[in-house]
Amino acid sequence: MLGYALRRLLIAIPLLVGITFVSFLVIHLAPGEPAEIQTGDLSIQSDKQMRERLREEYGLDKPLPVQYWNWVKRLSRLDFGKSFSPDARPVLQKIGERLPVTLLLNVVEMLLIIALSVPIGVLSATRQYSTFDKVTTVFVFVGFATPDFWFALLLIMLFGVQLDWLPISGLRQINWEYFSFWRQQWDFLSHLILPITVATFGGLAGFSRYMRQSMLEVIRQDYVQTARAKGLAERVVIGKHALRNALLPIVTILGLSLPGLIGGSIIVESIFAIPGMGQLMVQAVFERDYPVIMGNLVVVSTLTLVANLVADVTYSLVDPRIRVAGRRSRR
Amino acid sequence: MRGFWRALRRNRLALVGGVVVVCLVGTALLAPGLAPWDPNRPDVKKILDAPSAAHPLGTDALGRDVLSRMLYGSRVSLAVGFVSVGIAMLIGTVLGAVAGYHGGLVDATIMRTVDLMLVFPRFFLLLAVLAFLRPSIWTIMAVIGLTGWMGVARLVRAEFLALKEREFVVWSQSIGAGGLRIVWRHILPNAMAPVLVATTLGIPAAILTESGLSFLGLGVQPPHATWGNILNEGKDAIEIAWWLSVYPGLAILVTVLSYNLLGEGIRDALDPRLRQGVGRIATRRP
């Protein structure tokens with residue numbers, strides 16, 4: 001087991017180096033020499049200043065390998081540079097403030113998706129072609145096709161504007177400090193309801209589809225027939241023998257879909273004005289705050305890498321076949 | 001091939017999807033003739049007018065006709081969908097073919113690059129790149145294409161790995177056919193089925209990505225109308241002008257849904273084995 005985890009870790013190291021390399025290369029897309037740009041004078045001026053600033057910050061006049069080496073050396077000391085915005089705070093500090101919010105959103109979203117999609121998938125698989133199955137299939141197709149930002153706008157219109165039940169922006173009301181303890185908790189929670197609904201909706205369609213597919217395959221296996229033949233209750237056959245095996249591929253898919261879920265927080269956070277990584281990224285792009293953009297890219301992709309690693313190791317924990325196969329192919 | 005058409009025709013949902021897709025392509029091509037108003041002509045007397053006979057889908061904050069803007073917007077969505085997916089398919093097919101046929105170090109290098117690209121949440125990568133470029137329809141197409149080829153590369157590689165062991169390939173090698181000829185004449189045509197499916201399912205994903213970027217204000221820039229940037233304006237007027245938010249989103253929903261139904265239909269018709277294909281979730285969200 002430990003060997004397997006270590007092997008996965010070794011594979012992750014070159015990927016980590018790759019992440020820093022790609023994030024570094026991105027700054028070389030910065031607007032080139034002023035002569036190449038044909039738009040207004042003002043933007044030429046600002047491009048020129050920006051170029052100058054980037055050159056100072058990252059030593060763009062040095063050879064490429066030297067530039068990269070210097071950037072990696074700084075990263076290894078967790079020095080992501082200072083933000084280009086007027087407050088000029090360290091990038092790491094800015095990201096550190098916002099990371100917990102995005103993590104909270106994504107973890108809650110993930111738990112909700114699992115809690116809902118597993119029963120939906122199991123029910124529609126065990127009752128294939130029933131009304132329930134057909135309704136969920138329609139839901140899946142519509143869910144796949146609904147743009148999350150549009151769904152968010154509809155919810156805002158209904159619950160925020162028409163009914164005026166739920167807050168539509170930020171995480172807390174302005175006069176939050178004056179509320180009683182429970183009122184504060186409810187205030188925070190009510191701010192999260194709409195964003196989390198939007199974030200969960202998109203992923204739910206995909207996962208319940210996968211769960212259904214996986215379950216359909218498993219209930220046709222011989223061991224499920226055997227379990228029935230030896231007289232076990234249907235509840236035990238489905239809930240224990242079938243479900244455990246059907247859940248296996250879902251672990252991998254969960255890992256694979258993480259970048260998508262984290263990426264989705266960009267849209268959700270900007271619509272609902274939630275101060276997380278996604279909103280920080282959008283702001284940084286508008287302000288052309290390059291150190292923050294690069295820092296964000298490194299942090300978010302490293303998080304994805306770690307999460308994938310955890311998913312892989314979890315998969316091997318729940319399915320010993322993976323470990324054995326890995327060992328065999330190594331020989 | 002006849003079996004393919006028969007199977008596709010029998011799938012009613014896919015057929016509906018296909019008809020809607022054809023209609024959408026038609027309206028996009030004919031937009032200048034169909035649009036009742038000039039999509040970019042403001043009218044101060046008609047600011048945020050509710051839907052009426054003259055303006056069936058209302059007007060926006062500058063008094064422009066929303067229906068006309070949406071018709072022109074469909075051209076952007078379609079163009080971005082087709083071109084960016086074309087780019088992604090080309091890169092993915094070439095790299096997947098090289099990796100699968102060549103094997104060894106080349107294969108390892110290409111596949112590790114795929115792994116690396118997949119570690120970046122796509123929307124973050126898109127935004128990072130767009131921060132440095134001037135957003136225009138061309139950069140959007142290029143950027144979506146360049147960040148979307150990894151799934152195809154994996155698919156094509158897997159096909160190549162399986163196909164290159166088959167008798168017809170081994171025999172043509174044994175009579176001395178060159179590598180390029182074998183790949184081009186014998187392996188590639190047999191590996192195209194999953195690419196076709198990935199293309200049909202990739203177009204709606206690209207349309208969603210483009211509209212998401214335009215919604216954030218980082219995609220195709222106004223005054224160019226796109227479904228995404230009409231929605232962006234709709235967000236600012238959400239308390240007074242519901243039509244600005246509802247209709248463009250509905251257009252995206254219908255478009256994406258139709259392409260997905262058609263794509264699933266093609267997949268089932270081509271090869272029922274492909275039904276379990278992974279990659280749906282990867283393409284669902286940008």
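Are A:Phe151 and A:Phe201 buried or exposed? A:Phe151 is buried, as is A:Phe201, where buried denotes a relative accessible area under 20%, exposed over 50% and partly exposed in between (1.4 Å probe, protein chains only).

The model is predicted: local features need pLDDT of at least 70 and side-chain atom pairs count only at pLDDT 80 or more, while totals for chains, interfaces and linings use all residues. Residues are numbered from 1 along each chain as its sequence is written, chains are lettered from A and ligands numbered from 1 in the order in which they are written, and side-chain values use heavy atoms, with hydrogens and water left out.

**Aromatic pairs**

Rings of Phe, Tyr and Trp (its six-membered ring) are paired if their centres lie within 6.5 Å; planes under 30 degrees apart count as stacked, over 60 as edge-to-face and the rest as tilted. By this rule there are 8 aromatic pairs over all chains. Two of the pairs are given below.

| Pair | Centre to centre | Angle of planes | Class |
|---|---|---|---|
| A:Phe149 and B:Phe215 | 4.8 Å | 15 degrees | stacked |
| A:Phe151 and A:Phe201 | 4.3 Å | 25 degrees | stacked |

A:Phe149 lies in helix H6 (residues 148-162) of chain A and B:Phe215 in helix H9 (residues 179-216) of chain B, so this pair joins two chains. Helices are DSSP runs (H or I, at least four residues), numbered from the N terminus. Both A:Phe149 and B:Phe215 are buried. The pair of A:Phe151, in helix H6 of chain A, and A:Phe201, in helix H7 (residues 181-218) of chain A, links distant parts of the chain, 50 residues apart. One aromatic cluster is formed by A:Phe21, A:Phe24, A:Tyr68 and A:Trp71.

**Surroundings of B:Asn229**

B:Asn229 is placed in helix H10 (residues 227-236) of chain B and is buried, with a relative accessible area of 2%. Its side chain reaches the backbone oxygen of B:His224 at 2.9 Å. Leaving aside residues up to four places away in sequence, the residues that B:Asn229 touches include B:Phe215 and B:Pro222.

**Interface of chains A and B**

In total, 68 residues of chain A are in contact (heavy atoms within 4.5 Å) with 49 residues of chain B. The area buried between the two chains is about 5,100 Å², of which carbon and sulfur atoms give 77%; buried area is the accessible area (1.4 Å probe) that two parts lose on being put together, summed over both. Between chain A and chain B there is 1 salt bridge, defined as a side-chain nitrogen of Lys or Arg within 4 Å of a carboxyl oxygen of Asp or Glu. B:Glu264 forms a salt bridge with A:Arg209, the closest N and O atoms being 3.5 Å apart.

Methods
A polar contact is a pair of N or O atoms within 3.5 Å; within protein, one must be able to donate a hydrogen and the other to accept it, and residues adjacent in sequence count only if both atoms are side-chain atoms.
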